[in-house]
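Dear colleague,

I am handing over the structure below, and I would be glad if you kept it open while reading the notes that follow.

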Amino acid sequence: MKRARLAEGLDVTAIGLGTAPLGGLFSPVSDADAEATIERAWSLGVRYFDTAPLYGFGLAERRLGNFLRQQKRDSFAISTKVGRLLRSDAAAAEDAHYKGAPAERPQFDFSYDGVMRSVDESLRRLGLDRVDVLLVHDPDDHYDDAVNGAWSALQRLRGDGTVKAIGAGMNQSDMLARFAEAVPVDCFLLAGRYTLLDQGALTTLFPICRAKSIGILLGGIYNSGILANPRAGAKFNYADADAALVTRAVELEALCRKHGTDLKAAAVQFCMAHPAVTVALQGARTAAEVSDNVAMADRLVPSSFWHELRQRKLVDASAPLPGGA
């Protein structure tokens with residue numbers, strides 16, 4: 001699989017496995033299915049894996065670690081996140097997003113000490129001695145705490161060689177652009193803000209990242225599912241998509257069918273065509289989904305599709321398209 005430079009001394013595969021679904025996002029996943037999913041990704045050449053304490057409240061980290069502990073440590077790269085500590089809550093009701101998760105719940109903590117505790121706890125869940133990338137997770141309402149607390153911890157960990165790259169992971173681009181100007185970062189995980197339906201990062205974030213050589217891990221390529229299966233009730237940004245978004249997604253799907261291709265293939269290849277994007281992170285909950293996701297990166301999407309997409313102004317006029325269409 002093609003590799004790309006994410007940070008100094010860190011080359012990663014251009015496709016990575018996102019593990020939120022393996023934490024039971026929207027529906028529970030068995031241990032056996034989780035193991036088969038990770039194993040299939042590995043067999044297809046995926047060597048970059050992204051996780052977080054939030055994903056299934058520790059479940060995704062444990063499941064990922066169970067597999068990766070069996071591999072040579074230098075044969076893969078892994079990112080996890082800081083900013084949430086998991087604490088026992090025996091009375092917790094089932095979470096609205098994560099199903100089948102343990103009775104722990106996240107507490108925001110972007111302090112220096114909180115980050116250090118978070119890293120130690122993640123390593124114990126993973127059963128690994130180190131991770132390669134640490135990302136400040138969703139500091140939307142905690143910008144000052146993240147800059148003054150979390151970033152000090154991340155810079156120390158990078159400086160002493162504990163991790164190779166540091167950054168932030170968010171579902172918005174504006175604050176990531178602020179971080180890029182305020183603190184030294186190597187990469188960002190951007191979820192859902194550069195897709196066939198949403199090109200919000202195109203002018204706010206990507207030019208800064210290109211100028212500063214900040215890598216982009218791009219998640220949410222299918223916008224939580226609507227670009228994989230556009231229909232009423234499909235998810236967009238982790239919630240039910242409104243009617244207007246469903247209509248646009250259905251229009252994109254019809255255009256794909258007209259040109260003999262798949263909407264998922266167009267969605268993945270559109271994202272990977274931007275030179276700011278280093279890794280396309282794709283979540284999956286079954287081995288079959290992993291196989292499909294990887295295949296979509298190589299499936300033929302005719303140039304006629306990209307030309308008509310541009311002609312009908314279905315994406316931002318400045319968005320680069322595959323093949324220079």
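**Salt bridges in the model**

Lys258 is exposed, its relative accessible area being 58%, whereas its salt-bridge partner, Glu308, is buried at 11%. Please keep in mind that this is a predicted model. The side chains of Lys258 and Glu308 meet with N and O 3.0 Å apart, and since Lys258 belongs to helix H8 (residues 243-258) and Glu308 to helix H11 (residues 303-311), the pair ties together parts that lie 50 residues apart in sequence.

Salt bridges that share partners also join Arg73, Asp74, Arg130 and Asp132 into one network.

As background, side chains of opposite charge can pair when their charged atoms come close. A search of the whole structure finds 22 salt bridges, and two further pairs are described here.

In one of them, Asp138 forms a salt bridge with Arg84, with 3.2 Å between the closest N and O atoms. This pair links distant parts of the chain, 54 residues apart, as Asp138 sits in the loop between strand E8 (133-137) and helix H4 (143-159), while Arg84 is in strand E6 (residues 84-88). Both Asp138 and Arg84 are buried.

In the other, the side chains of Asp186 and Arg158 meet in a salt bridge at 2.9 Å, N to O. Here too distant parts of the chain are linked, with Asp186 in the loop between helix H5 (174-182) and strand E10 (187-191) and Arg158 in helix H4, 28 residues apart. Asp186 has 16% relative accessibility and therefore counts as buried, while Arg158, at 24%, counts as partly exposed.

How values were computed. Residues numbered from 1 in each chain as written. Predicted model: local features only at pLDDT ≥ 70, side-chain atom pairs only at ≥ 80, totals over all residues. Heavy atoms only, no water. Salt bridge = Lys/Arg side-chain N within 4 Å of Asp/Glu carboxyl O. Helix = DSSP H or I, 4+ residues; strand = E, 2+ residues; numbered from the N terminus. Buried < 20%, exposed > 50% of the residue type's maximum accessible area, 1.4 Å probe, protein only.
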